[in-house]
Amino acid sequence: MELDPTETFRQEAAELLDSLETVLLDLGQTPQDRDLIDAAFRALHTIKGSGAMFGFDKVAAFTHDFETAFDLIRKGKIDANHDIVTVSLSARDYIRTLIEDPDSTDPIIGEAIVEELQRLIGGGSAPATGLAPVGEPEAADGSSAEEPAQAGWSIEIAFESDILRNGTNPLVLLDDLRALGPCAVEADLDNVPELGALDPESCQIAWKVTLHSSCSKDEIEDVFMFVRDEMKLAIAPLPGGTAPLYPELDMSMPDAVEEAPPRVAAAEKPAAVKSRPEASPAASSAPEKAELGRRAEDKGTTVRVQAERLDELMDRVGELVIAQARLSQIAHSGTDLAIKAIAEEIERLASGLRDTTMGVRMVPMGSIFGRFRRLVHDLSRDLGKPVDFVTVGEETEMDKTMIERLADPLVHLIRNAIDHGIENAGDRATTSKSATGRIELSARYVGAQVLVTVQDDGAGLNTARIRAKAEENGLIPPGANLSEHDIHQFLFHPGFSTAKTISALSGRGVGMDVVKRTIEAMRGTIDLTTIPGHGSSVTLRLPLTLAIIDGLLIRVGEARYIIPLSAVEECIELTAEAEARAKGRSFLNVRGDLVPFLRLRDVFDAEGQPDPHQKVIVTSIGDTRVGLVVDQIIGSHQTVIKSLSKLHSDVTMFSGATILGDGTAALIMDVAQLVTLGQSRAESDRTPEAA
Amino acid sequence: MSQAQMQTTPQAGAIGLPQATETRLQVLMVGLGNEIFAVETDMVREIIDPVPVTRVAGARAFLPALVNVRGNVIPLADLRIRFGMPKTQATADTRIVVIEVDIDGDPVTLGLLADKVYEVTEISTRQMQQTPRLGSHWRPEFIRFITKWNDEFVIVPDMSRILD
C-alpha cells in the first residue's frame, strides 16, 4: 500500500496542476486578481522545487522558464490577459506530459511555449531570462506595495510547533534571509516550556529578524514559500534610518537558552502562553491574520487518504452491515431481551458507521466541474463560439467513484451543447440572443438522488431532422405516429447523428449512446427536454452512492429479491376485483391512471402456487410507471450491493446481488429494465386490441 | 498459474499435446455423473459443503444460481448441464468446488457443483489418450485432453472455454 516517493510527487503534481488550471481560468476572467497570480506562481514554484527533488529534471527546467516568465506578471510588470492565460494553459498541459510521459515529449514544444509566453509578456523585447526586474527602480510602479528605497525590514517569524517533524529546518531559512543582507536575529523564547516538558521535536521558538537590505518584500516571502502555510510571518518596513546591527546577534540565541533556567520558565509559562497569541497577531495586519487562521484551519481538518483504503473500508462496513442483519434476525427470533438490546445497539452503531463511511467517500461535484471549464474554454476558442460557462451546486456531494464515472458522460454532453446546441455568433444575432452563448452545469439533491443538468441556450433539438434521420436509417417507418419525446430517444441510438458534417469534436454519433449506457450502469436515468429556439437541457438523475442502498425485500415463489426503494412509489394489494377488471390484460387502474403490470412469478418462472393475496409494487423510472406483482412484501432492507459476476453479464433483469440476514444471496432487481419490459408487454397488449 | 501451462499446450483438444515433453499436473479429481474430471489444483480455492443457492432467472442454463461464499456472491456452475449429462439429486457426497479462472484476462471466481470430490493427485501428460468415443454430446473444444488414473479415463477440461 506504500507509495514510492516518485508516485507521491506525481499525485501531488497532478493536484497542483489541477489547481493551477483552475487558477489560470479564473485569471482569464479577473486578470487583475493578485491572489490568483500569487496562487499560480506558488503552484509553479512548488512543482519546480519538488520536481527537482524527485529527479524530474525536465519538469524542473521547463517550470523554471515558465515561472520566470510568469514572474513578470506577478511583479505587476504586465497584466494577465486572455492570450497569456491560453499559453499558460498549454504550458500547464506540457508540464503534465513531462511528468506523466517524459520520454515522448518534444522539448521543442516546451521552447515554443516559453517563447510565446515571453513574446506576449515582454512584447518580444523582454530578456529571455526574465531575471532583470528584481533590482529595477521602476519596480515601484507595479501594484505591489514595495518600497525599494527601504532601509530594511522587520520580520517576525513564528512556525507551527510541528514544523520540525515535517522536515523543515528553520535555521536554513534564517540563513536564506541572511543571504539577502545583513541580519539581526533575535530568538523569542516565551513559549519554550521548562526542560522537563520540553519536546525536542517541537519548535516553540519564534524569531524576530531585522534585515538591512533593499530587497523587496516578495523576496523575503519567497524564502518562506514552502512553509508559508505552516507559520505566521509578519513583515514590516523598518522605520526610516538605519538601526544599528547587533554585533552579538549569533550569540543571542544560545545565550537566551542558557539564561532561561527551567524554574523561571515554569513560573512564567502561564503568563507567556497567555500573552503570546496577543503579541503575534498584533504585528500582522488584520486580513493577513484572517488568512492565516483559515489556512491553519484547513490544514488541521484534512487528511489525504488513498482511494483503495476507502474502498476497503467500505467493503468492511458492508460486511459488518450484513453480519449485523444476521445478528438482528437471530436476536429477534429468540426471547432473550439482553441480546435483543445489544442487537439493537449494534444496529444503530452499524448504521451510523455506514453513514459516516459513505460520507468520507463523498466528494463535492466541484472537483470535476473545474475540468469542464477548461473544456469549454478550449472548445469555445476552437469553434469560435464565445460561451459563458456557469456552474451551480459545486458543493453537492456524491460518491467518489460515481463522480469519476460521471466525468466522461458530462464531457460528451458539454461538447454536444457547444458544438450542436449553441448557434454560431451570426445565427445568434438574428435571433436577438446575446452573442455569447450560455451553458449551465448544475448539480442538486432531490431526495436520495442527485440531479446533474447540462443546459444550453442554443437552438434546441431539431425534432424534424431527428425524425428524418431515423426514417432514413430505417429505425421507424415514414410517417410513424411518435411523440416528440419518443423521437428524441433516437439520439441515444448507437451511431445516430444528425450533424450534417462531421467535426473533429462531435457528429460521429458515438457518445450519446455511451452516455446513456454509462448512466444506466450507475442506476441513473437521463431526461432530455428542449424548447425550440431557446435551448435544451439534459438531466442526469443519479443515486448518491453505488455501494449501499435502501431496498424493499420481497418474495416471489420461494425466492427473495430486493427492489431499490428509490424506485418504489407505493404498494397495493391486487384485489380480486382489480384482477377481474384487468380482464387478462396487464393494466391496473391506480386511482384513475392505467399502470401496466408484470407478474414476477411469470417473469422469473417461479415454482409452486401463488400466494392468495398478491401484492403490487408500483415502481417508477422517470415518468414511466410499472406495477410488479409479488407474493409477499417482507420489509425494508439495508442492501449492500455486490456486483454480478462477469459470467452473469448476460443477465439483464438484475443489477446486482446482496446477502440477506440468513446468509443467502438475493438478487437486486434492475427496475429500469423491468419497466422497459413492462412497457413493451403493455404495447403488445394494446396493439392487437387496436387492430 | 494454470495459464502458463495452457499456453504451452495446443488447444486442439482431442488431438492432444506434443508427446515429446512430459508435463506433470497436480489435479483435484471431481466426479460429475459417471465421469471423472481432473481440475488443476492451481485454480482451486476451496471445497465447501452445499449451501443454499439463489436461482438467477434469465441466466444461461449451466450457470443457474448464485451462492454466498464467505461474503462473496459467486455464480454456481453446473457442468453436467454444459456437458448434456442427466441432472441428479444432491447426495451426501455433493460438494461445491470454488475455483478461479481467467476469462478474457480477468480472474473470475465461481463454484462448481460436484457430485463427488475424490482426491488431489498428480497426472502426467505421458499417459495422455486420444479422446475415446464418449457420446455425441461431448464437444471436443471443452476437453484439453484425456488421461488415465487408476485405470479409469479422466477428462482434463478446458475451463475457460467451458465457461465462455
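Visitor: In which handedness of crossing does α3(A) pass α4(A)?
Guide: In this predicted model, helix α3 (residues 57-74) of chain A and helix α4 (residues 82-100) of chain A pack with their axes 9 Å apart. The crossing in which α3(A) passes α4(A) is left-handed.

Visitor: Why does α3(A) count as roughly antiparallel to α4(A)?
Guide: The two helices pack at an angle of about 170°. Angles over 145 degrees count as roughly antiparallel, and therefore the description of α3(A) relative to α4(A) is roughly antiparallel.

Visitor: How do the residues of the contact of α3(A) with α4(A) divide into nonpolar, polar and charged?
Guide: From α3(A) come A:Lys58, A:Val59, A:Phe62, A:Thr63 and A:Phe66, and these meet A:Ala91, A:Tyr94, A:Ile95, A:Leu98 and A:Ile99 in α4(A). The division of these residues is 8 nonpolar, 1 polar and 1 charged.

Visitor: Which strands are the edge strands of the open sheet of 5 strands in chain A?
Guide: The order of this sheet is β19-β12-β13-β21-β20 (chain A), and its pairing is mixed. An edge strand here pairs on one side only, and the strands for which this holds are β19 (632-640) and β20 (654-659) of chain A.

Visitor: By what angle are neighbouring strands of this sheet turned against each other on average, and which helix packs on the sheet?
Guide: With direction ignored, neighbouring strands are turned by 35° on average. The helix on the sheet touches β12 (548-556), β19 and β20 of chain A, and its direction makes about 145° with that of β19(A); this is helix α11 (residues 307-333) of chain A.

Visitor: Which residue takes a positive phi in the hairpin of β15(A) and β16(A)?
Guide: Strand β15 (residues 587-590) and strand β16 (residues 593-599) of chain A pair in the antiparallel sense over 4 bridges, and A:Leu588 has A:Val595 in β16(A) as its bridge partner. The hairpin has 2 residues between the strands, and the residue with a positive phi, near 45°, is A:Arg591.

Visitor: In what sense, parallel or antiparallel, does β16(A) pair with strand β18 (residues 624-630) of chain A?
Guide: A:Leu598 stands opposite A:Leu628 in β18(A). The pairing of β16(A) with β18(A) runs over 3 bridges, and its sense is parallel.

Visitor: What percentage of the residues in chain A is buried?
Guide: Chain A holds 21 helices and 21 strands, and among its contacts with a separation of 6 or more, residues 24 or more positions apart account for 71%. Of the 691 residues in chain A, the buried share is 32%.

Visitor: What pattern does chain B follow along the sequence?
Guide: Chain B has 3 helices and 11 strands, and buried residues make up 30% of its 164 residues. Read along the sequence, the pattern of these elements is α-β-β-β-β-β-β-α-β-β-β-β-β-α.

Visitor: How do the residues on the side of chain B that touches chain A divide into nonpolar, polar and charged?
Guide: The two chains meet through 21 residues of chain B, in contact with 23 residues of chain A. On the chain B side, the elements that give two or more residues are β4 (54-55), β5 (65-69), β6 (72-77) and β8 (106-114). The residues of that side divide into 14 nonpolar, 4 polar and 3 charged.

Technical notes: Residues are numbered from 1 along each chain as its sequence is written. Chains are lettered from A and ligands numbered from 1 in the order in which they are written. This is a predicted model: local features need pLDDT of at least 70, side-chain atom pairs count only at pLDDT 80 or more; totals for chains, interfaces and linings use all residues. A residue is buried if 20 or more other C-beta atoms lie within 10 Å of its own, exposed if 12 or fewer, and partly exposed in between; C-beta atoms are placed from the backbone. Two residues are in contact if their C-beta atoms, placed from the backbone, lie within 7 Å. Ala, Val, Leu, Ile, Met, Phe, Trp, Tyr, Cys and Pro count as nonpolar, Asp, Glu, Lys and Arg as charged, and the others, Gly among them, as polar. Two strands pair if DSSP finds at least two bridges between them. Axes are lines fitted to C-alpha atoms, for helices over the stretch in contact, and angles run from 0 to 180 degrees between N-to-C directions. Angles under 35 degrees count as roughly parallel, over 145 as roughly antiparallel, 65 to 115 as roughly perpendicular and the rest as oblique. A crossing is left-handed if the near helix is turned anticlockwise from the far one by less than a right angle, and right-handed if clockwise.
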